[in-house]
Amino acid sequence: IGTETNLDPVGDSMNNSNVDIIETGITIDTIYLSFLIRTQEPMFTEETGTTIRILIDSDNDEGTGYFYPGLGVNHLIEIYGEKNGFVSTSILYVFDNSRNKSDWNGFYSLTNLQANATSTSGVSNELELQVPNFDLQIDAGKGLKYVVTMIDANGKYDSTKIIDLSR
């Protein structure tokens with residue numbers, strides 16, 4: 001689909017510009033789904049850590065996956081980092097459809113992912129991430145939807161609107 005970017009309002013993160021998402025980008029090719037997340041100030045600089053979650057409705061069906069208003073979340077990417085600006089962990093989870101749709105513990109770990117701040121020093125306001133398409137079981141004909149959230153240890157957060165890549 002090429003690269004699709006979406007802007008998010010600046011200053012809507014409860015007074016923490018390190019978790020203030022200002023732009024997301026996504027590219028899908030034959031092998032990878034690639035994300036770019038940009039914040040107002042550098043991310044992963046807090047002693048107590050920051051978590052980014054990408055909730056993906058990979059089959060574009062609200063009837064499957066974890067319930068999130070407007071989505072049926074089949075896959076969850078969770079990225080965690082703290083103080084030095086580097087990503088500590090990046091994990092892809094899959095929702096077990098035999099569990100209750102509102103059971104957050106219905107996600108299980110599928111694989112580790114590569115996610116990196118886009119700066120050689122580590123401290124950056126941009127993060128890049130790639131997920132193999134086969135891990136997401138994407139059906140290009142159905143499209144997909146996703147939401148990006150970011151939260152610090154004090155509960156200050158930001159979240160994008162639902163981004164719909166259906167055609």
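Mentor: Gladly! Let's start with strands: helices (H or I, at least four residues) and strands (E, at least two) are DSSP runs, numbered from the N terminus. Two strands pair if DSSP finds at least two bridges between them. This is a predicted model, where local features need pLDDT of at least 70 and side-chain atom pairs count only at pLDDT 80 or more, while totals for chains, interfaces and linings use all residues. Residues are numbered from 1 along each chain as its sequence is written, and side-chain values use heavy atoms, leaving out hydrogens and water.

Trainee: In the hairpin of β12 and β13, which residue takes a positive phi?

Mentor: Gly-155 does, with a phi near 85°, and the hairpin has four residues between its strands. β13 covers residues 157-159, and three bridges join it to β12 in an antiparallel arrangement. One example is Thr-149, whose bridge partner in β13 is Ser-159.

Trainee: Over how many bridges do β4 and β12 pair?

Mentor: They pair over eight bridges, in the antiparallel sense. Here Thr-149 of β12 turns up again, as the bridge partner of Arg-53. β12 also pairs antiparallel with β14 (residues 163-164), over two bridges. There, Lys-145 has Asp-164 as its bridge partner.

Trainee: How do I describe a pair of aromatic rings?

Mentor: Such a pair is described by the distance of the centres and the angle of the planes. Rings of Phe, Tyr and Trp (its six-membered ring) pair if their centres lie within 6.5 Å; planes under 30 degrees apart count as stacked, over 60 as edge-to-face and the rest as tilted. By this rule the count here is six aromatic pairs. Phe-35 and Tyr-146 make an edge-to-face pair, 5.2 Å centre to centre with 75° between the planes. Phe-35 sits in β3 and Tyr-146 in β12 (residues 145-152), so this pair ties together parts 111 residues apart in sequence. Phe-35 counts as buried because its relative accessibility is 3%.

Trainee: Which residues do ring pairs link into a cluster?

Mentor: Tyr-66, Phe-95, Trp-104 and Phe-107. Within that group, Phe-95 and Phe-107 are both buried.

Trainee: How many salt bridges does a search of the whole structure find?

Mentor: A salt bridge is a side-chain nitrogen of Lys or Arg within 4 Å of a carboxyl oxygen of Asp or Glu. The search finds five. In one of them, Arg-38 meets Glu-23, with the closest N and O atoms 2.2 Å apart. Arg-38 lies in β3 (residues 32-43) and Glu-23 in β2 (residues 21-28), so the pair ties together parts 15 residues apart in sequence. Arg-38 also forms a salt bridge with Glu-126, with the closest N and O atoms 2.6 Å apart. That pair links distant parts of the chain, for Glu-126 is in β11 (residues 124-132), 88 residues from Arg-38.

Trainee: Is Glu-23 buried or exposed?

Mentor: Glu-23 counts as buried, at 16% relative accessibility.

Notes. Buried means under 20% relative accessible area, exposed over 50%, partly exposed in between (1.4 Å probe, protein chains only).
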